[in-house]
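Welcome! Below are some exercises, each followed by a solution that goes step by step. Take a look at the sequence and the model, then try each task before reading on.

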Amino acid sequence: MYEYETYTEDLELKKVGLELMFMTPEKYTHPDGITSVELAKLVDLPLEVVKKKLTILKDAGLVRVKGINPKYWKFDEYNFQRIDEDDEVYRLLCNFDDVDFDRFFQY
């Protein structure tokens, strides 16, 4: 599948993935997406960890990257809808048992 470890309990990957999944274009500071530095501040994780998780999500086809320096990241809704339901990263992102949705939405 992927050349990385298993993702069933990777909470950092889940945090980064869900933040991108629920990020609306209005929240971007740039029309092409969000930088890894901005994302690291949002999810309160070290930049190097966020970069590794973004690479995993990109390899899974769930995020797109645009630009070189800086790179802008966006969640790829089209590929997310077409990913195999048995995919480990897909199952991780769709497990909402411990997700606080108030973080992503204002009611």
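**Exercise 1. Which residues are buried in H2?**

Before starting, note that this is a predicted model, in which local features need pLDDT of at least 70, side-chain atom pairs count only at pLDDT 80 or more, and totals for chains, interfaces and linings use all residues. Residues are numbered from 1 along each chain as its sequence is written, and side-chain values use heavy atoms, with hydrogens and water left out.

Step 1. Settle the terms. Helices (H or I, at least four residues) and strands (E, at least two) are DSSP runs, numbered from the N terminus. Buried means under 20% relative accessible area, exposed means over 50%, and partly exposed is in between (1.4 Å probe, protein chains only).

Step 2. Read off the residues: Ser-36, Leu-39, Ala-40 and Val-43 are buried in H2.

Step 3. Look down the axis of H2: these buried residues fall within an arc of 105°, so they line one face of the helix. The arc is that of the directions from the helix axis to the C-beta atoms.

Step 4. Find the partners. The buried residues of H2 pack against H1, H3 and S2.

**Exercise 2. Which residues have the most contacts inside the largest nonpolar core?**

Step 1. A nonpolar core is a set of buried Ala, Val, Leu, Ile, Met, Phe, Trp, Tyr and Cys residues joined through side-chain atoms within 4.5 Å.

Step 2. The largest one has 30 residues, and Val-16 and Leu-62 have the most contacts inside it. At least two residues of this core come from each of H1, H2, H3, S2 and helix H5 (88–94).

Step 3. Leaving aside neighbours within four places in sequence, the contacts of Leu-62 include Leu-57, Phe-75, Phe-80, Ile-83, Val-89 and Leu-93.

**Exercise 3. How many salt bridges are there?**

Step 1. A salt bridge is a side-chain nitrogen of Lys or Arg within 4 Å of a carboxyl oxygen of Asp or Glu. By this rule the count is four.

Step 2. Begin with Asp-10 and Lys-53, whose closest N and O atoms are 2.9 Å apart. The two are 43 residues apart, with Asp-10 in the segment before H1 and Lys-53 in helix H3 (residues 47–59). Both Asp-10 and Lys-53 are buried. Together with Glu-12, they are linked in a network of salt bridges.

Step 3. Next, Lys-66 and Asp-32 meet at 3.4 Å, N to O. Lys-66 is in strand S1 (residues 63–66) and Asp-32 in the loop between H1 and H2, 34 residues apart.

Step 4. Then take Arg-64 and Asp-76, with closest N and O atoms 3.7 Å apart. Arg-64 lies in strand S1 and Asp-76 in the loop between strand S2 (72–75) and helix H4 (77–82), so this pair ties together parts that are twelve residues apart in sequence.

Step 5. Arg-64 counts as partly exposed at 45% relative accessibility, whereas Asp-76 counts as buried at 9%.

Key. Contact means heavy atoms within 4.5 Å.
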